[in-house]
Amino acid sequence: MLKTFSIGGIHPAANKLSAGSAIQALPVPEVVKVPVAQHIGAPAQPVVAKGDSVKVGQLIAQSAGFVSANVHSPVSGVVDKIEDFVDGNGYRKMAIVIKVEGDEWLESIDRSADIKREITLEPADIVKKIGEMGLVGMGGATFPSHVKLSVPQGKVCDALIINGVECEPYLTSDHRLMLEKGEEILIGVSILMKALNVAKAYVGIENNKPDAIDHLTRLAASFSGITIQPLALRYPQGGEKQLIDACIGRQIPSGKLPIDVGAVVQNVGTAYAVYEAVQKNKPLIERVVCVTGKTLARPSNFLVRIGTPVEKVIEAAGGVPDDCGKVIGGGPMMGRAFTHLDVPVIKGTSGILLMSKAESQRAEPSNCIRCAKCVSVCPMGLEPFLLAKVSAKGLLDRAEAEHIMDCIECGSCSFTCPSNRPLLDYIRLGKGKVGAILRARAAAAKK
Amino acid sequence: MNVVLITVIVLALLGGVASIILYFVAQKFKVFEDPKIGEVEAVLPGANCGGCGFPGCHGLAEALSKADDISGMGCPVGGAEVMSKVAAILGKEVAASAPKVAVVRCNGTCANRPRLLNYDGARSCAIQSAHFAGETGCSFGCLGCGDCVSACTFGALGMDPETGLPVVDGDKCVACGACVKACPKGIIELRNKGPKDRRIWVSCVNKDKGAVARKACSAACIGCGKCAKECAFGAITVENNVAYIDFTKCKMCRKCVAACPTHAIHELNFPPRKAEPAEAAPEARN
């Protein structure tokens with residue numbers, strides 16, 4: 001019996017339409033828009049001005065604090081303007097707009113195809129390098145990677161977990177990356193192991209990707225300490241807490257972090273970016289984006305420069321189909337619909353999903369029938385119907401007592417609800433309010 | 001018979017003992033409360049709306065009785081009338097404050113502001129605004145899910161199905177401010193009720209540059225500043241591409257209303273204008 005996490009979970013239709021299409025490099029667009037806030041934490045501060053010439057890989061925005069990340073130019077050209085643009089959610093956000101001229105890379109970047117296995121840097125230097133190169137979690141959460149690798153004093157990390165689960169339906173970018181860049185990923189994993197000073201790493205892969213499991217298992221034989229862990233199919237296995245439970249059987253107590261049970265989780269995409277950053281000196285300037293959808297002409301996986309308009313990426317896959325109802329950034333479970341398509345691809349854009357009108361529309365909600373399906377599928381062991389109710393009523397202390405902050409917003413409850421109740425919508429609302437109260441309380445306690 | 005007698009005697013004894021214990025306990029743990037708190041609470045409306053910023057009417061009564069200076073506090077529901085009664089009970093001075101009313105600062109009706117997207121999530125403005133900026137091109141305007149309406153405990157707000165915007169019933173509104181807090185876009189403002197209920201306000205909060213705002217909504221303030229130039233009393237300021245009329249300085253001349261190219265400035269309860277707007281202005285000042 002294959003391993004998986006212990007509570008809850010659902011089985012949405014996988015729909016991995018683009019799994020068979022190899023990663024193609026998308027041509028560099030004429031103009032790129034590079035947002036300064038592509039990560040969780042403080043937005044980076046621009047260090048270029050209008051009219052400056054930049055090369056590929058040049059630092060254009062400096063990280064503004066510990067929880068923040070550098071931003072590098074994904075193209076060579078001239079900075080056209082630094083201004084606010086309308087982001088995918090309709091709100092304004094600052095971006096550096098660069099007009100592309102040629103494709104001139106910084107000389108320090110090793111662009112050769114040679115695979116470099118020898119790790120020369122010391123652990124502290126690796127973490128520093130990862131920070132410098134602007135690496136963030138590539139699974140979609142975009143948490144700055146160097147922060148996760150800086151283990152707080154008094155805590156010990158003894159296991160590195162690599163997330164190759166890709167439990168979101170439709171998405172295949174990690175799958176393709178594992179097939180095509182397997183060795184680089186495993187070198188990246190070894191680098192991360194050295195940085196964290198751990199002897200064991202587990203790469204969790206769901207068994208709907210047998211080719212990736214086979215490929216990596218074969219390669220892992222020549223690496224020490226890396227175990228490829230096939231996992232049973234279940235959403236949301238890619239959640240940090242679920243993946244740790246599935247791979248090494250440790251449950252994280254309420255309100256604690258993975259490091260509290262001695263684990264650090266990184267995505268396979270991040271491991272690949274770590275390889276490129278540390279061995280090839282290449283900052284995070286491009287990523288694999290999966291463009292998919294049932295009615296899309298050619299579901300594909302593209303290697304896309306950061307800042308490329310989503311519109312261009314969709315065009316390369318055959319254009320927006322006529323019956324398209326929603327274009328979602330990320331997967332169907334946790335992704336967010338774009339309000340318009342002139343939005344740049346950012347470090348966390350793992351997929352672009354085009355859903356048909358019929359598929360994307362939410363059904364009319366009706367009353368809760370107390371079937372408790374949401375309770376049985378919640379991977380955090382919460383009571384979603386109750387959390388939604390108390391959040392809607394504004395009973396925030398009750399919501400806090402019911403551990404609303406443990407919700408990972410995976411959407412399993414809304415997915416499974418036979419009454420189509422927007423449970424997660426209300427839980428998020430309550431979570432936001434309770435979070436604000438907790439932060440205010442922490443600030444008051446500090447004083 | 002005997003059984004009944006014994007039962008009655010036992011119960012009577014139990015009751016007697018318990019009452020003696022309770023009497024002493026009550027004496028021991030007595031909490032003194034200023035009797036004035038009760039008196040003040042009796043004149044307060046008892047709606048417990050929280051509009052004063054205290055937890056219910058009792059909270060306000062307690063705060064009023066304890067404070068040396070009550071000029072900063074007040075019941076928005078009862079207004080000056082109730083506060084003068086409170087002042088009489090407490091023997092304290094109370095500053096007269098002008099009655100206020102909630103004003104919706106958005107005129108993005110379905111006709112003025114075309115809908116570009118379709119939101120099918122939970123019907124709540126707070127949730128919608130957390131997801132995205134809104135169904136129209138304006139990221140500042142009303143979302144139309146009616147969080148303000150459900151927040152109002154006085155039935156003073158309702159959604160106009162034709163415009164998709166909330167409408168304030170000036171007679172029912174007590175300016176408790178619950179809707180102001182409920183609106184995630186900060187559209188609703190408490191403004192002076194004005195003489196004869198006459199009010200002038202800029203019905204837009206869009207901070208986008210003029211062209212962008214105009215493209216999203218034909219009734220948007222484009223920050224052109226014409227109204228500010230027209231105003232002889234310095235009541236209008238334009239900041240972040242949006243005009244704001246300071247109701248404490250406004251003399252209700254209505255010149256700005258006529259000057260606004262997008263008709264973003266609204267007037268309420270004024271007599272109809274004469275043919276020439278310039279002549280109507282001095283009349284309105286009376």
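How many bridges join strand S6 of chain B to strand S7 of chain B, and do the two run parallel or antiparallel? In this predicted model, four bridges join S6 (residues 236-239) to S7 (residues 242-245), and the two strands of chain B run antiparallel. S6(B) and S7(B) form a hairpin with two residues between them. Asn240(B), in the turn of that hairpin, has a positive phi of about 55°.

Of the 286 residues of chain B, 39% count as buried. Among the contacts in chain B between residues at least 6 apart in sequence, 59% join residues at least 24 apart.

Chain B is divided into domain 1 (35-90), domain 2 (100-193) and domain 3 (194-286). The centres of domain 1 and domain 2 of chain B, taken over C-alpha atoms, are separated by 29 Å. Five residues from domain 1 of chain B and seven residues from domain 2 of chain B make the contact between them. On the domain 1 side of that contact in chain B, four residues are nonpolar and one is polar, with no charged residues.

Ala264(B) is placed in the loop between helix H10 (255-259) and strand S8 (265-268) of chain B. Why does Ala264(B) count as buried? Ala264(B) has 29 C-beta neighbours inside 10 Å, and the threshold for a buried residue is 20 or more. Leaving aside neighbours within four places in sequence, the contacts of Ala264(B) are Asn107(B), Val202(B), Ser203(B), Cys204(B), Ala219(B), Ala220(B) and Cys221(B). The C-alpha atoms of Ala264(B) and Ile222(B) are separated by 8.8 Å, with the two residues 42 apart along the chain.

Chain A can be described in the same terms. Chain A has 14 helices and 17 strands. The radius of gyration of chain A is 21 Å, close to the 22 Å that the globule rule gives for 447 residues, so chain A is as compact as a globular protein of that length. The C-alpha atoms of chain A fill a box of roughly 60 × 55 × 50 Å along the principal axes. Of the 447 residues of chain A, 50% count as buried. Residues 24 or more positions apart account for 73% of the contacts in chain A with a separation of 6 or more.

Two domains are assigned in chain A: domain 1 (123-280) and domain 2 (373-446). Their centres, taken over C-alpha atoms, are separated by 28 Å. The contact between these domains of chain A takes seven residues from domain 1 and seven residues from domain 2. The domain 1 side of this contact in chain A divides into two nonpolar, four polar and one charged.

Chain A also contains an open sheet of three strands in the order S3-S5-S6, with antiparallel pairing. Strand S3 (45-46) and strand S6 (71-72) of chain A stand at the edges with a single partner strand each, so one side of each is left without a neighbour in the sheet. Two bridges join S3(A) to strand S5 (residues 59-62) of chain A. The bridge partner of Gln45(A) in S5(A) is Gln62(A).

The last topic is what the two chains share. 12 residues of chain A are in contact with 12 residues of chain B. The side of chain A that touches chain B has four nonpolar, five polar and three charged residues. In soluble globular proteins, nonpolar side chains tend to be buried together. Here the largest nonpolar core has 191 residues, of which Ile161(A), Val189(A), Val274(A), Val313(A) and Ala220(B) touch the most other members. Helix H4 (residues 182-196) of chain A gives the largest share of this core, nine residues. Leaving aside neighbours within four places in sequence, Val189(A) is in contact with Ile162(A), Ala201(A), Val203(A), Ile226(A) and Ala271(A). Ala220(B), listed with Val189(A) among the core residues that touch the most other members, is also one of the contacts of Ala264(B).

How values were computed
Residues numbered from 1 in each chain as written. Chains lettered and ligands numbered in written order. Predicted model: local features only at pLDDT ≥ 70, side-chain atom pairs only at ≥ 80, totals over all residues. Domains from an automatic or database assignment. Contact = placed C-beta atoms within 7 Å. Nonpolar A, V, L, I, M, F, W, Y, C, P; charged D, E, K, R; others polar. Pairing = 2+ DSSP bridges. Rg over C-alpha atoms; globule rule 2.2 N^0.38 Å. Buried ≥ 20, exposed ≤ 12 C-beta atoms within 10 Å, placed from the backbone. Core = buried A, V, L, I, M, F, W, Y, C linked by C-beta atoms within 7 Å.
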